Amino acid sequence: MVGIDLDAARERRLAAAAEKAFLAKAEYTVGEEPLIFGGTTVAMLPAELPLAVWEPLIGIPYLPLLLRSLVEAAQTQGDEQSEAASLIVDVLGSEPSLPSDLLAAAAEMGRRLLGHDGFARLMEQRPSHPDIFELVRAVWAKYFPGGSLGELMGPSGSPSGAGTTSKPTSSGTTISTPAVSGDGPVTLDSSGPGAS
């Protein structure tokens, strides 16, 4: 009996992704990669994103509505964007624990991705908001090539004025990483709810 060989399937996936990245001369490739900050390697990113990284998001109230509002705000312009931004404020205001729950979940996700020691070394460097956004963009590009997180987190170097804006036709939610504006240092407190 041959069985189901997940090891062989993973090897094929990684080999195909590495070949594709090599042919495309991609900046980020599949495979373990060092995370360098403050002149030192703070952690090694695993070849594939562990499923456990997503678990801290489970059970956060209003998170699907907040994520959908963020996506709509990023995809709209003018008055519609103002309405979507207003909905985000309403969601945050209606659930007072949501901001701290999100920060606690983000910290735990960082620990699960970088390891406890790697996350601690990253936080010792006192990363700023732009540092964290760059890390999220790089992680997204590594694990979800071709994804559109960059459009959600800020304008790209080449603005696009062509094309039309469409609205989602489904009532489902979209998983993405919300952006927070500002230039101050980011503190992901491990003492918040849901942190371990």
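Phenylalanine 144 is partly exposed, with a relative accessible area of 31%; partly exposed lies between buried (under 20%) and exposed (over 50%), using a 1.4 Å probe and protein chains only. The model is predicted, so local features need pLDDT of at least 70 and side-chain atom pairs pLDDT 80 or more, while totals for chains, interfaces and linings use all residues. Residues are numbered from 1 along each chain as its sequence is written, and side-chain values use heavy atoms, without hydrogens and water.

**Aromatic pairs**

The whole structure holds two aromatic pairs. Rings of Phe, Tyr and Trp (its six-membered ring) pair if their centres lie within 6.5 Å; planes under 30 degrees apart are stacked, over 60 edge-to-face, and the rest tilted.

| Pair | Centre distance | Plane angle | Type |
|---|---|---|---|
| tryptophan 54 and phenylalanine 144 | 6.2 Å | 55° | tilted |
| tryptophan 140 and phenylalanine 144 | 4.6 Å | 40° | tilted |

Trp54, Trp140 and Phe144 form one aromatic cluster. Tryptophan 140 counts as buried at 15% relative accessibility, whereas tryptophan 54 is partly exposed at 25%.

Proline 46 sits in the loop between strand E2 (40-45) and helix H2 (63-75). Helices (H or I, at least four residues) and strands (E, at least two) are DSSP runs, numbered from the N terminus. The C-alpha atoms of proline 46 and glutamate 32 are 4.7 Å apart, although 14 residues separate them along the chain. Beyond neighbours within four places in sequence, proline 46 has contacts (heavy atoms within 4.5 Å) that include Glu32, Leu113 and Tyr143.

Leucine 65 belongs to helix H2 and is partly exposed, at 39% relative accessibility.
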